[in-house]
Amino acid sequence: ADRYAVFGHPIGHSKSPRIHKLFAEQTGQNLVYTAQEVPADTFKAAADAFFAAGGKGLNCTVPLKELAWNYADSLSEAAAAAKAVNTLALAADGNILGDNTDGIGLLNDLTANLRIELPGAAILILGAGGACRGILAPLLKQKPASLVIANRTPARAQAIADDFKPLFPVEACGYEALPGRSFNLIINATAASLSDELPPLPAGLLAENGTCYDLAYANRPTAFVSWGLANGAAKSVDGLGMLVEQAAEAFYIWRGRRPATAPVIGLLDAERQ
Ligand code: ATR
């Protein structure tokens with residue numbers, strides 16, 4: 001069987017082995033996918049060892065996405081724009097290709113699963129770290145009316161806005177600039193969710209019939225998902241759908257087959273209730 005793995009630190013609660021096992025069963029692919037605890041300082045040695053032993057592909061998660069971006073012999077357009085890689089694939093010529101399926105994973109969940117209308121939407125992203133950078137290009141290609149990045153440290157938001165200027169006039173600001181504005185879609189890309197914290201968000205920030213989307217996922221509603229529900233969101237969801245969709249895109253890169261994602265999302269969602 002062809003071997004795949006996810007590297008990260010911590011990796012203990014990763015749902016990726018389960019997701020890829022379900023994909024493999026569904027599409028009749030003979031593969032093994034494991035999770036491996038890999039701290040940043042051992043990433044290169046671990047990846048070298050994995051491919052030297054015949055491994056075919058890797059997913060890389062926190063805190064390894066930038067290291068994987070450096071490791072790849074060549075980069076997809078998405079990985080180059082994100083300056084981060086979540087999927088490494090061994091090519092026929094022995095080169096390691098770096099891709100980033102996080103952005104397309106989010107886009108597929110928003111459009112195909114949640115039926116959110118992105119063209120013409122006013123979009124707000126909270127947070128200006130790697131998670132924000134990874135999702136920007138595919139969102140901007142949908143031609144929203146506007147896209148604002150708000151961050152605790154406004155200079156980091158401005159740096160991302162400057163990078164994406166050739167593609168779209170992204171606006172950057174601090175949280176204090178948000179009162180009085182409203183958005184159809186608010187995406188939480190801060191690391192605050194993981195510690196159940198929330199950036200300061202004013203009432204009225206979410207437009208009528210708006211959507212809240214937390215890139216993080218958890219067994220219980222995150223602080224941001226709860227904020228959305230309390231602030232009139234038509235939909236307020238966490239990133240479980242994105243997790244499955246980014247995995248499906250990686251599976252497609254490796255195996256050339258597109259698994260059905262809805263039954264896998266449904267199964268994982270049912271298990272956490
Ligand atoms: P990631 O790769 O997950 O995006 P990161 O690069 O460390 O991780 O970025 C974390 C993001 O969460 C940043 O936007 C950070 O804000 P700063 O740039 O000001 O540090 C944001 N963040 C983390 N904890 C936060 C909190 N308690 N409140 C608001 N924002 C927070």
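## Helix H9

In this predicted model, helix H9 covers residues 240-255 and so gives a clear place to begin: its 16 residues reach 22 Å from the first C-alpha to the last, close to the 22 Å expected at 1.5 Å a residue. Most of H9 is covered, since 13 of its 16 residues are buried. The helix is followed by Gly-256, a residue whose phi is positive, near 70°.

The domain assignment divides the protein chain into domain 1, made of residues 2-100 + 244-271, and domain 2, made of residues 103-238. Taken over C-alpha atoms, the centres of domain 1 and domain 2 are separated by 25 Å. Where the two meet, 11 residues of domain 1 are in contact with 9 residues of domain 2.

On the side of domain 1 that touches domain 2, the elements that give two or more residues are H3, helix H4 (77-82) and H9. By class, the residues of that side of domain 1 divide into 4 nonpolar, 2 polar and 5 charged.

Which residue does UniProt list for "active site"? The record, an unreviewed entry, lists Lys-65 under that heading, and in the model Lys-65 lies in helix H3, which covers residues 65-71. Lys-65 counts as buried because 25 other C-beta atoms lie within 10 Å, and the cut-off for a buried residue is 20 or more.

Leaving aside residues up to four places away in sequence, Lys-65 touches Cys-60, Ala-84, Val-85, Asn-86 and Gly-130.

## Around the ligand

The ligand is surrounded by 15 residues, of which the closest are Gly-129, Gly-130, Ala-131, Arg-152 and Thr-153. Gly-130, one of these closest residues, is also one of the residues that Lys-65 touches. Sorted by class, the shell around the ligand holds 6 nonpolar, 6 polar and 3 charged residues.

## Asn-30, an exposed loop residue

Is Asn-30 buried or exposed? This residue is found in the loop between helix H1 (16-27) and strand S2 (31-37), and it counts as exposed because it has 7 C-beta neighbours inside 10 Å, where the cut-off for an exposed residue is 12 or fewer.

Asn-30 can also be placed by its distance to another residue: 41 Å separate its C-alpha atom from that of Pro-144, and the two residues are 114 residues apart along the chain.

Technical notes:
Residues numbered from 1 in each chain as written. Predicted model: local features only at pLDDT ≥ 70, side-chain atom pairs only at ≥ 80, totals over all residues. Near = placed C-beta within 6 Å. Nonpolar A, V, L, I, M, F, W, Y, C, P; charged D, E, K, R; others polar. Helix = DSSP H or I, 4+ residues; strand = E, 2+ residues; numbered from the N terminus. UniProt positions renumbered as here; feature names shortened; annotations may be inferred. Contact = placed C-beta atoms within 7 Å. Domains from an automatic or database assignment.
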